[in-house]
Amino acid sequence: MILILNQNTKQDSPEFKQLTAHLANLPGITTRIHTEKGAAQVLTEIYLIGNTQALDLDDMKNLPCVESAVRVSEEYRVLGRHKDDHRSSHFEYNGVRFGQDNLNVFAGLCAVDNPAHVEMMMKALRDNGQACTRMGAYKPRTSPYSFQGHGSACLPYVFELAGKYGIKVIAMEITHESHMEEIVDALEKTGNPTGVMLQIGTRNTQNFELLKIVGRQSRFPVLLKRGFGITLDESLNAAEYLASEGNRKVIFGLRGMKTNMGDPHRNFVDFSHVPVVKRLTRMPVCIDPSHSVGSRASGPEGILDVMHVTAQGVIAGANMILVDFHPAPSKALVDGPQALTLAELPYFLEDVAIAREAFEKRVDLGRRFKS
Ligand code: PEP
Ligand code: MN
C-alpha cells in the first residue's frame, strides 16, 4: 500500500510524527519513505510493506497528512499503474519533460568517434530545434577486439559541445558504476553545461547490482532497455529495481528481441508493446528503431525500415525515440550501417511529426467513440 501525503508535508511537523508513530504500531508492517523534490513542491509517499491486506483503505486515508492511499499489487510496486492510482506518469529533467503524454527525440551518435563529428551532430540538432541527443562513450561490444568507445576521454568535449549547441540531455550508456563517477566528474569540470540520462543497455538489463547502484542516485534519470532475451515482466521488474532503490525517473526502452524470427532485421521489432508498457506502468516508453532494424534497408516506396518502425512506435504512443545518426556513416566506428545521415534529420523529424499527429488523432477518435 502507498500513502500519498499532502503536498509539502514537513517531516518535522507534529502531524507527520503522529502519522509515523501510528504506522510504527501496525503489526507486521514496515515502512519506507520516498520524497520527490520538484521545482515548487515536495511530494512524500510512504510505502507500507508486509501484511497490508489487513489494513482498511479508508482508515488509512483518514490518517493525518494523508491525501490518498493506493493498494498496490505485488508487481511493479513503485512504477506500476495500480487501481485508483493517480500518481504522475511524467518527470522533468534539466528543463525537459519526460512523460507518457509527450515525445522527445534523441538522435545522435551510437559511438562518439571524434570532436568534429560530435560538433556536426550537435549543430544539426540545434539547427533542427532539438534539445536531446544520444552519445555513446562506453560501448558494450560482442568482440573484445572491437572498438570499446573512448570512455572518459571524450566526455569533456562531448559535454562542452552540448553546452555550445543548447543540448539539454544526452542519453549515454554506462556498463559499470565507475562510469557514473566519471560522468559526474566530467560534468563538474566542464561546469555542468548539459544533462545526462544514464542508459542501461540490453546486455545489462538484469545486472541487478548495477541497477541498485544506479537506482540509489537521483541526480540522473535512467533509460533502461528491455532485455533482448527475457520476458517483458522480467524487464519491467528490472526497472522496478531502479525505482525500489529510490530513482523513479525511469524510461523504459524497447529495442527489439533477439530471435531469428525477426530476420532480416537485426532484432524482432517489439514496438507493439508500447501501449502494453504504458498500461502496466507509469514509465514513459522509448523506442530504438536503429538497434531493432540494424540496417538502411528500405521498402519498395523508398522509405527506410528504420523510419517505418519509428512511425509504428510513434503512432502507438511512444514517448521517446533513440536513433542513430552519423555525419559520415561509412566512417562510423560502431553501427555505421544502420545510421541515418545529417541530411536525413529534417526528413526523419517531419516523418515523426506525421506519426505523432496521427497518434493524437487516434486518441481523440477513441475518446469520441467511447463517450
Ligand atoms: C545502444 O543503444 O547503443 C545499444 C548498445 O543498445 P542495446 O543495449 O539496445 O543493444
Ligand atoms: Mn549501437
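This is a predicted model: local features need pLDDT of at least 70, side-chain atom pairs count only at pLDDT 80 or more; totals for chains, interfaces and linings use all residues.
Visitor: Which strand pairs with β2, and in which sense?

Guide: Strand β2 (residues 29-37) pairs with strand β3 (residues 42-50) in the antiparallel sense, over nine bridges. The two strands form a hairpin, with four residues between them. Within this pairing, Lys37 stands opposite Val42 in β3.

Visitor: Which side chain does the side chain of His34 contact?

Guide: The side chain of His34 makes a polar contact with that of Arg248, at 3.1 Å.

Visitor: Let us move to the metal. Which residues coordinate the manganese ion (ligand 2)?

Guide: The manganese ion (ligand 2) is coordinated by Cys110 through SG, His291 through NE2 and Asp335 through OD, at 1.9 to 2.3 Å. A site of this kind may look incomplete, because water is not among the atoms.

Visitor: How are the donor residues of the manganese ion (ligand 2) spaced in sequence?

Guide: Their spacing is C-x180-H-x43-D. Cys110 and Asp335 link distant parts of the chain, being 225 residues apart. Cys110 is in the loop between β7 (104-108) and α3 (115-127), whereas Asp335 is in the loop between β14 (320-324) and α11 (345-370). Both Cys110 and Asp335 are buried.

Visitor: Which residues surround ligand 1?

Guide: Among them are two donors of the manganese ion (ligand 2), Cys110 and His291. The surrounding residues also include Glu173, Gln199, Thr202 and Asp288. By class, the shell holds one nonpolar, four polar and seven charged residues.

Visitor: Which side chains have polar atoms close to the oxygen atoms of ligand 1, and at what distances?

Guide: An N or O atom in the side chain of Arg134 is 2.7 Å from an oxygen atom of ligand 1. For a polar side-chain atom of Lys225, the distance to an oxygen atom of the ligand is 2.8 Å. For one of Arg255, it is 2.6 Å.

Visitor: How much of ligand 1 does the protein bury?

Guide: Taken alone, ligand 1 exposes 300 Å², and the protein buries 97% of that.

How values were computed
Residues are numbered from 1 along each chain as its sequence is written. Chains are lettered from A and ligands numbered from 1 in the order in which they are written. Side-chain values use heavy atoms; hydrogens and water are left out. Donors are N, O and S atoms within 2.8 Å of the metal (3.2 Å for Na, K and Ca); water is not among the atoms, so sites may look incomplete. Buried means under 20% relative accessible area, exposed over 50%, partly exposed in between (1.4 Å probe, protein chains only). A residue is near a molecule or strand if one of its heavy atoms lies within 4 Å of it. A polar contact is a pair of N or O atoms within 3.5 Å; within protein, one must be able to donate a hydrogen and the other to accept it, and residues adjacent in sequence count only if both atoms are side-chain atoms. Accessible areas come from the Shrake-Rupley method with a 1.4 Å probe; for residues, only the protein chains shown count as cover. Ala, Val, Leu, Ile, Met, Phe, Trp, Tyr, Cys and Pro count as nonpolar, Asp, Glu, Lys and Arg as charged, and the others, Gly among them, as polar. Two strands pair if DSSP finds at least two bridges between them.
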